[in-house]
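I would ask you to keep the structure in view while I go through its helices, sheets and rings.

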Amino acid sequence: ITSAVAFDVLPLKLHPFSQSTPTGLDCVGWKRRISSPMITDGALDKTALTDDVGSEEDLYEDFRSSNHRYGHPGGGGEQLAINELISDGSVVYAEALWDHVTMDDQELGFKAGDVIEVMDATNKEWWWGRILDSEGWFPASFVRLRVNQDEPMEDYPLKVEGGKEDDSGSGTRRFGMGQTTKDQMRTNVINEIISTERDYIKHLKDICEGYIKQCRKRADMFTEEQLKTIFGNIEDIYRCQKKFVKALEKKFNKDHPHLSEVGSCFLEYQTEFQIYSEYCNNHPNACMELSRLTKVNKYVYFFEACRLLQKMIDISLDGFLLTPVQKICKYPLQLAELLKYTNPQHRDFKDVEAALNAMKNVARLINERKRRLENIDKIAQWQSSIEDWEGEDVLVRSSELIYSGELTKLSHPQAKSQQRMFFLFDHQLVCCKKDLLRRDILYYKSRINMDDMEILDVEDGKDKDFSISVKNAFKLHCRDTEEVHLFCAKKPEQKQRWLKAFENERRQVQLDQETGFSITEVQKKQAMLNASKQHHTGKPKAVTRPYYDFLMRQKHPTLPTMVPQQQVFMLAEPKRKPSNFWQNISRLTPFRK
């Protein structure tokens with residue numbers, strides 16, 4: 001941190017260490033050396049801008065070149081406090097929010113949930129840290145500073161004055177006014193939850209009033225469709241969070257924060273928090289649209305003018321739009337920490353425990369929906385590779401490939417057995433035939449509606465319905481028409497995999513009904529359109545980088561110059577199991593064209 005960076009701010013005050021929003025977003029409300037231009041009910045009032053600082057372009061250039069970083073981590077109070085603590089010999093811990101896959105021997109690799117000792121935070125983007133015997137650089141935005149910095153690590157003995165170990169245990173120590181250390185730790189976590197929620201509401205308000213409101217006044221620059229792409233349903237999130245904050249504040253005990261009972265608030269709003277799913281799914285589209293617009297100078301100037309007029313901190317619009325994605329992932333971490341410092345006898349214990357599980361489920365549901373939406377493009381590409389396709393598109397009813405493989409099929413006793421490739425999606429089983437000469441080509445033959453079917457396990461031996469001897473067989477029986485399809489696998493384990501797959505298909509359908517998961521008609525049509533274009537060109541679609549580039553821009557001459565792609569992909573979401581879509585589909589030859 002250099003002395004050349006100047007500030008005209010309110011006196012700094014200590015506050016709990018937290019990064020519940022992108023680095024720098026917690027320093028809000030600082031005074032700026034600017035006069036607020038006026039925005040009329042019509043377009044942006046350029047006269048007001050030019051009276052003091054010239055045109056929009058001049059305003060933007062003046063502030064960009066002035067080296068002011070209002071509330072930015074490069075000069076923010078929190079980072080300054082971190083470095084002061086480190087220089088004084090204090091130990092500062094941070095908790096990993098996402099996996100950091102080490103691609104360089106100078107970087108520190110870790111998994112979500114690992115605790116890192118921060119040893120140097122002078123750079124705003126890359127910090128130097130240590131885990132056990134390993135040291136290295138790591139992205140500052142990948143961690144959340146622990147609320148209770150004075151709490152010892154589980155692997156380190158508690159120190160008291162004189163450097164001796166305290167054998168009495170932290171649970172019995174007193175912390176002023178008769179509070180135990182654990183009560184004080186709970187107070188810190190409660191205060192952090194309340195303060196970060198208030199800050200988050202401020203960020204959402206700034207986005208809605210500082211950006212969306214002004215964009216709507218410029219119909220010559222933005223269509224409603226563009227605004228929906230850029231901002232998603234963030235206004236719905238803002239309305240939801242305002243109600244949530246009010247509920248939290250009602251449960252907040254100002255005199256004795258550790259007695260606050262906030263767990264019930266999270267339980268009450270767990271269903272409403274599912275609106276984050278739509279926002280998170282749309283976020284890559286928002287980044288790409290912003291990337292496209294900001295290649296034109298007038299949009300860069302306009303967005304910067306909006307930020308200055310709203311007196312927002314010096315972070316670009318894409319940084320603010322990342323906040324909701326990160327926020328929903330941090331609730332489980334905050335609740336886990338709160339539960340850790342809540343005694344089982346506390347009236348809030350059961351609610352906090354239930355709230356933690358509930359918010360984990362919300363985050364899991366959001367990630368699952370995101371994965372499902374990513375899969376629809378792959379399903380559309382698969383369908384476009386099938387010859388002689390008939391009937392409706394797979395995406396009309398399905399959004400998930402459950403299982404696929406080769407089976408021998410018999411539809412009625414007099415029919416000849418047929419060896420076919422089968423693809424089990426939610427709601428339907430698609431049957432294809434391999435080309436006799438070119439085995440890498442599949443032809444569409446038929447499909448079975450799984451909603452009308454029941455699965456029957458068939459013992460080895462002579463089947464009464466078909467009057468033939470079977471092995472590794474099972475049947476699909478239609479309840480309405482009494483239609484029966486007999487299938488035989490080559491091996492017993494293959495049969496068991498299919499029976500399990502049918503169970504999973506029904507479970508998936510039921511879960512989608514319970515959670516209300518669906519794919520919009522626009523998303524389906526777009527996926528099929530993209531697949532059709534790709535199929536006609538015969539070339540794989542180029543991978544676009546704007547989404548990844550938006551999430552992380554960390555460059556420094558003495559630091560790692562880029563973030564590994566796997567790691568960037570994980571930035572906006574917690575760990576999840578990898579999709580098995582391509583594991584199921586990779587064995588199919590059509591993709592080897």
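This is a predicted model: local features need pLDDT of at least 70, side-chain atom pairs count only at pLDDT 80 or more; totals for chains, interfaces and linings use all residues.

Helix α4, residues 181-216, packs with helix α6, residues 234-251, at an angle of about 150 degrees, and their axes are 10 Å apart. Angles over 145 degrees count as roughly antiparallel, and α4 is therefore roughly antiparallel to α6. Their crossing is left-handed.

Which residues of α4 and α6 make the contact? On the α4 side they include I193, I194, Y200, I201 and L204, together with E197 and R198. On the α6 side, I234, I237, Y238, F244, V245 and L248 are among them, as are E235 and K242. By kind, the residues of this contact divide into 14 nonpolar, one polar and seven charged.

I turn now to the sheets. Five strands form an open sheet with antiparallel pairing, in the order β4-β3-β2-β1-β5. At its edges lie β4, residues 134-139, and β5, residues 143-145, each of which pairs on one side only. Direction ignored, neighbouring strands of this sheet are turned by 45 degrees against each other on average. Within it, strand β3, residues 126-131, pairs with β4 in the antiparallel sense over six bridges. Please locate W127, whose bridge partner in β4 is F138.

Another open sheet has seven strands, again with antiparallel pairing, in the order β9-β8-β7-β6-β14-β13-β10. Here the edge strands are β9, residues 442-449, and β10, residues 453-458, each pairing on one side only. From one strand to the next, the twist averages 35 degrees. Strand β6, residues 401-410, meets strand β14, residues 484-488, in antiparallel pairing over three bridges, and L410 has L486 as its bridge partner in β14.

Which strands does helix α13, residues 492-515, touch as it packs on the sheet? They are β6, β7, β8, β10 and β13, and the direction of α13 makes about 130 degrees with that of β6. Helix α12, residues 349-385, lies across β6, β7, β8 and β9, running at about 155 degrees to β7.

Finally, the aromatic rings. The structure holds 25 aromatic pairs. In one of them, the ring centres of F222 and F303 are 5.8 Å apart and the planes stand at 45 degrees, so the pair is tilted. Because F222 lies in the loop between α4 and α5 while F303 belongs to helix α9, residues 297-309, this pair ties together parts that are 81 residues apart in sequence.

Methods. Residues are numbered from 1 along each chain as its sequence is written. Side-chain values use heavy atoms; hydrogens and water are left out. Axes are lines fitted to C-alpha atoms, for helices over the stretch in contact, and angles run from 0 to 180 degrees between N-to-C directions. Helices (H or I, at least four residues) and strands (E, at least two) are DSSP runs, numbered from the N terminus. Angles under 35 degrees count as roughly parallel, over 145 as roughly antiparallel, 65 to 115 as roughly perpendicular and the rest as oblique. A crossing is left-handed if the near helix is turned anticlockwise from the far one by less than a right angle, and right-handed if clockwise. Contact means heavy atoms within 4.5 Å. Ala, Val, Leu, Ile, Met, Phe, Trp, Tyr, Cys and Pro count as nonpolar, Asp, Glu, Lys and Arg as charged, and the others, Gly among them, as polar. Two strands pair if DSSP finds at least two bridges between them. Rings of Phe, Tyr and Trp (its six-membered ring) pair if their centres lie within 6.5 Å; planes under 30 degrees apart count as stacked, over 60 as edge-to-face and the rest as tilted.
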